[in-house]
Amino acid sequence: MNSAQNILQTVFGYPSFRSPQDEIIQTVVEGGDALVLMPTGGGKSLCYQIPALLRSGCAIVVSPLIALMKDQVDALRELGVKASYLNSSLDVSTTNQVEQALVAGELDLLYIAPERLNQERTMSLLQHSPIALFAIDEAHCVSQWGHDFRADYLQLSILHEYFPDVPRIALTATADERTRAEIIHRLDLGEASQFIAGFDRPNIRYRIALKHNARQQLLRFLKDEHPEDAGIIYCLSRKKTEETAHWLQQQGFKALPYHAGLNSETRADNQSRFLREEGVIVVATIAFGMGIDKPDVRFVAHLDLPKTVESYYQETGRGGRDGEPTDAWMIYGLQDVIKLRQMMEGSEGSEEHKRAEQHRLNAMLGLCEITSCRRQVLLNYFGDDLPEPCGNCDNCLEPVDTWDGTEAAQMALSAVYRTGQRFGVKHVVDVLLGAETDKITQYGHDQLPTYGIGKSLDNNQWSSVFRQLVARGYLCVDMERFGAMRLEEKCRPLLRGEEPIELRRDIKKKEAKRLTKNYLPEDMDVALWEVLRECRRELADEQGIPPYIIFHDRTLQEMCVTVPQTMEQFGQLGGVGERKLDKYGPAFLQVINEYLA
Ligand code: ADP
Ligand code: ZN
C-alpha cells in the first residue's frame, strides 16, 4: 500500500487513511470487486479515486448526479488529476474532445451519467479504451425498493458481461439489508468484498427542542451559533419557506427560498448561490437536497416535523459532509403532532399502508420525546448498535428531567372523557384549571368532577402533558371535529391506575440554556480566519469555482492554529497536496505574513 499512501499525501494532502479506505483501495487495485457502504462524508470518493491513479487506464465513474459532475471534476483538476465528464450538458465538440481523450488514454477519471453509459456508442467507445475500473456511485439507485430508483441503473449489469476483467466498486450511503441484497443481485456483485461501515455521523449534533416562538428561537440559534454559516432550513409548506426566507433577509441573513413551485431558473439560481457563495441559507421544502454535495453545510434546521425517521436522517445528513461539527436542530410542538397525525388519517391508501405510516410517525415522535441519547435511538432504528450514549446530542449534553406523570395523565384523560371526547386541548385544559369561560358555562362543564382539579400545574405544563399523551398514542386528535381529542384503546391501563407514566419535564423558555458550542478550535485566531476566508473567496471568484474546492474550512482552521510561515510548513497542512501547495501556498502565505506584520 506504499504507493496508495504516497498518493494520499502528495495528491490529496492527507496524512492517513480512514478505516476501511485502505482495505477497499487495496482490493480494487488488485482487481477485485467491492461493495462499499459508508455514511455520507465518510470518504467514499478516495476509494475509487486512488485506485484510478494506481491502475493503468481510465476509471469510469457512474453517477446519477449530473449537477455535481462539474464540481467534482473541477475539484480533481485542482489536485492535478486528469478528470473529465460526459453528460447531456456538454455540446457536441466538447463531447468529442472528451471521447478522444478517453480513447487516447489521456484520462485518469471519467464521470458518466448512467443513461449515457447505456448507449451503444458509449459502450463501443469504452471497448476501444483502456479501462482501469468502474465505480458505481449512489448504487442504491439500482434498487426498486429504495427511494431513488433509476431505471438506467438496471442496465449496469452489462458492465460485468462486457468487461469481465475490469474491477467494479459500488458505493452507497443508504442501504438497508434489503437494498444491499438487491444491489448485489442486480449488479452481479456476488463475488465482491463487502465493506459495511455503519451509519453513524458523529460530527452531527442532534438537538430537538420544544417550539414556543419558532421565529425567535430560530433567530437566536442563528445569531448565537451560526451567524455566518451556510445551512438548510426545512419547512413543510412552500408558502412558509418563502415567508421565512423573506423574514430572515430582513434580519440580515443571506436566505433564499427553494421549493418545487418556483420556476426552474430561480431554483437553479438559488442552488448555485448556495454552492458558490459563503454563508448562504436555503429555506426549503424537501424538494431541496438530493444531489447537494456541498461539504460545509454547518446546520440543518427543521421548523416542522418530518414524517419519518428516514427523512429526518436523510435531511440532517446533508449537513457536515466535511466531517466538521454540525448542528441538526429541530423545534416541534403539539400542533406539529396534530397536523401530521391528521395528514396520515386523511391520506389515500389501504388500511395496511396507513398503519405503516402511523408506525413510522410514532417512531419519529418517539425520537422527539425520548429522554435518553438520541443517537442511540436513531442508529438503533437503522439496525446499528451504539453501546454507549454519544455525548453529542442534546439529551447527552444536558440530561432531561422526567417526572412521574401518572396522576396528571389520569386527570387529563378523564377530563377528555368527561367532556364527551368532543373538545380540543384548550378547552379541556380550561376545565382542568377551573377557568371561568363562556364555553364552560354553556356546556355546564363547571359541574364536572374534573373541573378545577388540575390547579397544581399551569397552562404550559398541561399542554406539555397533552402533547406527550398525543405523541405517545394515548390520545388521538380528530381534525374533522375541530381538533377534538379522543381516548385510544392504549390508555385503559393508565386510567385504571395499572400502569405508571414518566413524562419529560420541558425546559421553560427562561431556563432553556444554550448548549456550549465548540466549532472553532479554542486557540484559533478569529481575525486571521476572516482574512484567510477573504483570500479564499477572491481566488474562488477569479476561477468561478466554489471556495471549498480551493480549501475546506478544516484546512483554513489549521492555518489559524499552526500559522505556517514557509512553504514547507504550509505543505504539512491537511488538504494541501503538492499541486495546491504550488498553486495557492504563496498567496495564503503572503496573507498570513502580512497579517503577522
Ligand atoms: P462521501 O462521498 O463518502 O460522502 P467524500 O468522499 O466526499 O465523502 O469525503 C468527505 C470528506 O472527507 C472530503 O472532504 C474528503 O476530502 C475528506 N476525506 C476523505 N478521506 C480522508 C482522509 N483519509 N483523511 C482526511 N480527510 C479525508
Ligand atoms: Zn447522545
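**Entry 1: cysteine 390.** I looked up the accessibility of cysteine 390 and found it partly exposed, at 24% relative accessibility. I note here that the model is a predicted one.

**Entry 2: cysteine 373.** I then checked cysteine 373, which is buried, with a relative accessible area of 4%.

**Entry 3: the zinc site.** I asked which residues coordinate the zinc ion (ligand 2). The SG atoms of Cys373, Cys390, Cys393 and Cys396 do so, at 2.3 to 2.4 Å. I recorded angles of 101 to 118° among the 4 donor atoms, and the site is tetrahedral. Along the chain, the donors of this zinc ion follow the spacing C-x16-C-x2-C-x2-C. I placed cysteine 373 in the loop between α16 (351-369) and α17 (374-381), and cysteine 390 in the loop between α17 and α18 (394-397); the pair therefore ties together parts that are 17 residues apart in sequence.

**Entry 4: the sheet.** I turned to the strands and traced an open sheet of 6, in the order β8-β13-β12-β9-β11-β10, with parallel pairing. I identified β8 (204-210) and β10 (254-258) as the edge strands, each of which pairs on one side only. From one strand to the next, the twist averages 15°.

**Entry 5: β12 and β13.** I asked how many bridges join strand β12 to strand β13. There are 4 between β12 (residues 299-302) and β13 (residues 326-332), and the two strands run parallel. Within this pairing I located valine 300, which stands opposite alanine 328 in β13.

How values were computed:
Residues are numbered from 1 along each chain as its sequence is written. Chains are lettered from A and ligands numbered from 1 in the order in which they are written. This is a predicted model: local features need pLDDT of at least 70, side-chain atom pairs count only at pLDDT 80 or more; totals for chains, interfaces and linings use all residues. Side-chain values use heavy atoms; hydrogens and water are left out. Two strands pair if DSSP finds at least two bridges between them. Axes are lines fitted to C-alpha atoms, for helices over the stretch in contact, and angles run from 0 to 180 degrees between N-to-C directions. Donors are N, O and S atoms within 2.8 Å of the metal (3.2 Å for Na, K and Ca); water is not among the atoms, so sites may look incomplete. Four donors count as tetrahedral if all angles lie between 85 and 135 degrees; four count as square planar and six as octahedral if opposite donors are over 155 degrees apart and all others between 65 and 115; anything else is irregular. Buried means under 20% relative accessible area, exposed over 50%, partly exposed in between (1.4 Å probe, protein chains only).
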